Amino acid sequence: MSRASGHQKSSPAARRKARRFALQALYQWQVSGSGLGDIEAEFRTDNDMSKVDDEYFHDILHGVPKEKSVLDEKIQPFLDRRIDELTPVELAILRLGAFEMCHRIDVPYRVVINESVELSKKFGATESHKFINGALDQLAQQVRVVEIKNMCYCPSYTRVSNAQTELTN
């Protein structure tokens, strides 16, 4: 499926690799100021992209810079410091997570948070995963209201739980 025709289904592993490469490419963009086309070409040349969801990689790599100001405004209220005081890795992870949270509703918010936390454990400072988790969880409460509400209220689960309780009493 082409980029123009919409989002295609991808394996979780292929998306995880796409996020990892996108994070590294976004970090490079932030610190070097190089053009996105050059960075993308370099990543495609220097890395084995055969098991990577390359559409997802491209969407994140080009979507985050395009939406940078909006993403920063969305995450700032949930930070304990100003955006310009974040480490480049924290900033790249938060922007990537915020982009997915706001623009990839096909990805459950819990997956977005979990994947961002895992990236921060791998690439971030020792305790940065807690900070990333807290900020993205608060963002989810704002931008994924319907998804969270639907997860909290599941009548069929309540009926099953009540029936199990009655059977055990």
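**View 1. Salt bridge between Arg44 and Asp54.** In this predicted model, the side chains of Arg44 and Asp54 form a salt bridge with an N to O distance of 3.5 Å. The pair links distant parts of the chain, with Arg44 in helix α2 (residues 36-46) and Asp54 in helix α3 (residues 54-66), 10 residues apart. Arg44 is partly exposed at a relative accessible area of 29%, and Asp54 is partly exposed at 35%.

**View 2. Packing of helices α1 and α5.** Helix α1 (residues 12-32) packs against helix α5 (residues 88-103) at an angle of about 125°, and their axes lie 9 Å apart. At that angle α1 is oblique to α5. Their crossing is right-handed. Residues of α1 in the contact include Arg19, Leu23, Leu26 and Trp29, and those of α5 include Val89, Ala92, Leu96 and Glu100. By class, the contact has 12 nonpolar, one polar and three charged residues.

**View 3. Salt bridge between Arg19 and Glu100.** The side chains of Arg19 and Glu100 meet in a salt bridge, 2.8 Å from N to O. Arg19 belongs to helix α1 and Glu100 to helix α5, and the two are 81 residues apart. Arg19 is buried, with a relative accessible area of 3%. Glu100 is also buried, at 0% relative accessibility.

View 4. A salt bridge joins the side chains of Arg81 and Glu90 (3.6 Å, N to O). Arg81 is partly exposed, with a relative accessible area of 26%, whereas Glu90 counts as buried at 6%. Elsewhere, salt bridges with shared partners connect Arg15, Asp53, Asp59, Arg104 and Asp106 in one network. The structure holds 17 salt bridges.

Note on methods: Residues are numbered from 1 along each chain as its sequence is written. This is a predicted model: local features need pLDDT of at least 70, side-chain atom pairs count only at pLDDT 80 or more; totals for chains, interfaces and linings use all residues. Side-chain values use heavy atoms; hydrogens and water are left out. Axes are lines fitted to C-alpha atoms, for helices over the stretch in contact, and angles run from 0 to 180 degrees between N-to-C directions. Helices (H or I, at least four residues) and strands (E, at least two) are DSSP runs, numbered from the N terminus. Angles under 35 degrees count as roughly parallel, over 145 as roughly antiparallel, 65 to 115 as roughly perpendicular and the rest as oblique. A crossing is left-handed if the near helix is turned anticlockwise from the far one by less than a right angle, and right-handed if clockwise. Contact means heavy atoms within 4.5 Å. Ala, Val, Leu, Ile, Met, Phe, Trp, Tyr, Cys and Pro count as nonpolar, Asp, Glu, Lys and Arg as charged, and the others, Gly among them, as polar. A salt bridge is a side-chain nitrogen of Lys or Arg within 4 Å of a carboxyl oxygen of Asp or Glu. Buried means under 20% relative accessible area, exposed over 50%, partly exposed in between (1.4 Å probe, protein chains only).
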